[in-house]
Amino acid sequence: MSINKIKRNGQRPIKGVLFDFDGTLTYPGALDFNAIRREMGCPEDRPILEYLETQEPVRRSELLKILESKEEKAAERSIPNKGAEKCLAVLLEKGLPLGILTRNSLRSVRVALERFNGIKIEDFSSIITREDSLPKPHPGGIYKAAGQMGILPSELMMVGDFRFDVMAGKAAGAFSVLLTSNGRSVMAPGDPEPDGIVDDLLEILKLI
Ligand SMILES: [Mg+2]
């Protein structure tokens, strides 16, 4: 899909960019969510974190250990997504505050970011992980990130590769961009429509 799909009618100027992490800033596929679900006994159609919440405390902590070990291994072998380093560098040069909003842990984000050239964890004004907020699609993390970035949620661009990213972004009033792989949409019937659809992170630079 093309940049032409993007509508900015009546929107405030973008004053900061909040990125999903896995599959957005990192190359998709490092985390095999279906394999993790199978190992945890989580039904295929259930989000993992929400499934964890339904388990008894002892079982929940066992399952969390499995999840964390999978996430750490994935972080160690993850690589930056196509155009991610360049996109972040350009945004930093423009002086825009950047943030990360992820359902993953801070530890995994740290490990994966070490594999980015020219980008440091300190370059992000806000990093909201599952330890800091209710997970997406809840919009709480977006409000928190916007606050830490010193801007309004409506001045924020939220960029992510999954429907929860768009749902959280739209619920908070952010300009919500879906990053697709080869134009394949992950949105489901009844989901809010993204404000923009790109298939390459560098395309978001044309909007800012
Ligand atoms: Mg993602």
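## Helices and strands

Helices (H or I, at least four residues) and strands (E, at least two) are DSSP runs, numbered from the N terminus. Pro137 lies in the loop between strand S3 (126-128) and helix H7 (140-149). The peptide bond that leads from Lys136 to Pro137 is cis, with omega near 15 degrees.

## Basis of the model

This is a predicted model, in which local features need pLDDT of at least 70, side-chain atom pairs count only at pLDDT 80 or more, and totals for chains, interfaces and linings use all residues. Residues are numbered from 1 along each chain as its sequence is written, and side-chain values use heavy atoms, with hydrogens and water left out.

## Magnesium site

Three protein donors of the magnesium ion, Asp20 (OD), Asp22 (O) and Asp161 (OD), lie 2.1 to 2.2 Å from it. Donors are N, O and S atoms within 2.8 Å of the metal (3.2 Å for Na, K and Ca); water is not among the atoms, so sites may look incomplete. Along the chain, the donors of the magnesium ion have the spacing D-x1-D-x138-D.

Asp20 is buried, with a relative accessible area of 7%. Buried means under 20% relative accessible area, exposed over 50%, and partly exposed in between (1.4 Å probe, protein chains only).

## Crossing of H2 and H4

The axes of helix H2 (residues 33-40) and helix H4 (residues 57-77) come within 10 Å and cross at roughly 150 degrees. Axes are lines fitted to C-alpha atoms, for helices over the stretch in contact, and angles run from 0 to 180 degrees between N-to-C directions. Contact means heavy atoms within 4.5 Å.
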